[in-house]
Amino acid sequence: MIAIIGGGITGLAAAYRLSQRLGPGRCVILEQATAAGGKIRTSRQQSLLLEDGPDAFLAAKPEAAELCRALGLGDQLVATEPAARRAWVRSGRNLWPLPAGLSGLVPAQLWPMMSSPALSLPGKLRAAFEVLVPRGRATEESVAGFVTRRFGGEVWTRLAEPLLAGISAGDGNQMSLQAMFPRLAAMERAHRSVVLGGLSKRSPVAVTASGFLTLRDGLGGLVAALSQLG
């Protein structure tokens with residue numbers, strides 16, 4: 001018998017893979033909360049569907065979509081509506097639209113970032129110096145550390161961190177860049193600058209507008225489908 005500590009999406013997915021390889025009944029999930037799913041929570045308020053944690057996953061990473069299809073949720077997969085493809089962040093008491101041209105979590109175009117009211121003038125100037133920042137050391141780095149090192153703390157707190165919360169609902173200081181956004185690390189290796197990499201038409205890792213996928217009835221459906229298998 002194999003014990004899995006934690007019934008979040010990682011533990012549930014691990015149990016599913018083990019059941020595929022070893023057969024059913026070979027593992028048990030140990031979870032202290034009353035419900036599985038970890039950070040993933042879907043609720044309804046009247047006619048509104050609300051995601052209390054992450055609300056989507058990156059379409060560029062196929063594993064999540066493949067898992068949904070394997071669980072019979074393929075017809076539930078939906079992409080971002082082009083007409084509503086806009087996100088807003090709160091700074092103080094104001095809501096500001098996220099600048100266009102974001103590559104994953106970070107700006108890949110200078111002008112939308114420099115004209116965004118979400119950043120202060122010092123924050124914009126620091127972010128503009130990204131094109132001059134040298135490559136980092138070839139060591140493990142957190143998502144927060146990478147964004148702050150290349151673009152400054154304001155881009156992290158006002159732009160990247162809110163986006164990351166919508167994807168993973170986790171702490172960017174504890175998340176590996178290589179695990180979460182390997183393309184950003186590849187862009188830095190190939191071009192030294194993420195912005196220059198995003199502008200390079202010849203770049204094999206330059207990222208255009210990356211899409212997001214979710215489930216029509218909420219990501220809680222993925223948790224429910226995995227939990228039923230146990």
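Biologist: How many bridges join β5 to strand β11, and in which direction do the two run?

Modeller: This is a predicted model, in which local features need pLDDT of at least 70 and side-chain atom pairs count only at pLDDT 80 or more, while totals for chains, interfaces and linings use all residues. Residues are numbered from 1 along each chain as its sequence is written, and side-chain values use heavy atoms, with hydrogens and water left out. Strands are DSSP runs of E with at least two residues, helices are runs of H or I with at least four, and both are numbered from the N terminus; two strands pair if DSSP finds at least two bridges between them. Here two bridges join β5 to β11 (residues 212-215), and the strands run antiparallel; Leu58 has Phe212 in β11 as its bridge partner.

Biologist: What is the order of the strands in the open sheet?

Modeller: The order of this three-stranded open sheet is β5-β11-β6, with antiparallel pairing. β5 (57-58) and β6 (77-79) each have a single partner strand and stand at the edges, so one side of each is left without a neighbour in the sheet.

Biologist: What are the relative accessible areas of Gln46 and Arg192?

Modeller: Buried means under 20% relative accessible area, exposed over 50%, and partly exposed in between, with a 1.4 Å probe and protein chains only. Gln46 is exposed at 84%, whereas Arg192 is partly exposed at 25%.
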